[in-house]
Structures are given as structure tokens and as C-alpha cells.
Amino acid sequence: MVKRVLVDAEASVLIADLKNRFGELMFHQSGGCCDGSSPMCFEKGDFKLGGADVKLGEIDGCEFWMSKDQFEYWQHTQLTIGTTKGRGSSFSIEIPTGYRFMIHSRLFTDDELDQLEPVAFVEE
């Protein structure tokens, strides 16, 4: 199966540090509010998910979500979560570290589209 979301080595280090400080984490891909379209990291459960959210997969044991509307736009791309120096302006918990999460994306090949991990939805 081809994963819809990946994480690079630098982001993995930051995620491990945040997990040590805060416990279980979750990500939600911002839809343009506050910090553009940055992936936002929260303590698990601190971001209220609903029927309009899609789970793309997990990175380093953390669920990665985005809205259905945004998924319609991004469904043909693989996202890789990375970091960059700087302070974002979102509510993401990495802000005080001097780094922020960012995404890189690429289109899936035709062969990959046939082998994608299925998405999941919020269980209500």
C-alpha cells in the first residue's frame, strides 16, 4: 500500500520531542486560516474532529487529518511533513520551539493511485 502522508527525519525528531513533553499528538492540515496551509500539531483530542474530516494516515504514531473539502483538492498528492526554522502563527504546539511544520507534496503516479491506503472518517 502507498501511504498518503509521510514524515521526514527532521520532523520525526521534533515529533518525538513534542510527544515526550505532551503525550499523544494529532495533526490537522490547515485549510488556510491563521498560518496559510501549514500542518498543525495538537495534543490528541485538542482539535475537535467532525464528520467533515478525513484521516489520511499516521505519521510517527500520530493521526493526520484534513477536511473533506480540502481532501478533494489534495487526494491525488502524497504529503511529506517536514520542518523549517521560524515561528508560525497558528495554534500548533511546536511554535515555541523555533521550528514549524510544513508540507511538501507530489502527485501520485497512475500505478500508485491504484495502491493507496484507504482513508478513514470520524466515527460518530
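I began with Tyr73, which is exposed at a relative accessible area of 65% (exposed means over 50%, buried under 20%, partly exposed in between, with a 1.4 Å probe and protein chains only). A note on the source: this is a predicted model, where local features need pLDDT of at least 70, side-chain atom pairs count only at pLDDT 80 or more, and totals for chains, interfaces and linings use all residues. Residues are numbered from 1 along each chain as its sequence is written, and side-chain values use heavy atoms, with hydrogens and water left out.

Next I searched the whole structure for aromatic pairs and found four (rings of Phe, Tyr and Trp, the last by its six-membered ring, pair if their centres lie within 6.5 Å; planes under 30 degrees apart are stacked, over 60 edge-to-face, the rest tilted). Phe27 and Phe64 are stacked, because their ring centres are 6.0 Å apart and their planes meet at 25°. Phe27 sits in strand β2 (residues 25-29) and Phe64 in strand β5 (residues 62-67), so this pair ties together parts 37 residues apart in sequence (strands are DSSP runs of E, at least two residues, numbered from the N terminus). I checked burial too: Phe27 is buried at 0% relative accessibility, and Phe64 is buried at 0%.

Back to Tyr73: its ring and that of Trp74 have centres 5.6 Å apart and planes at 85°, so they pair edge-to-face. Trp74 is buried, at 17%.

I also noted that ring pairs link Phe27, Phe64 and Phe101 into a cluster.

Last, I looked up Gln29, which lies in strand β2 and is buried at 0%. Beyond its neighbours within four places in sequence, its contacts include Phe64, Trp65 and Ile103 (contact means heavy atoms within 4.5 Å).

Conventions
Helix = DSSP H or I, 4+ residues; strand = E, 2+ residues; numbered from the N terminus.
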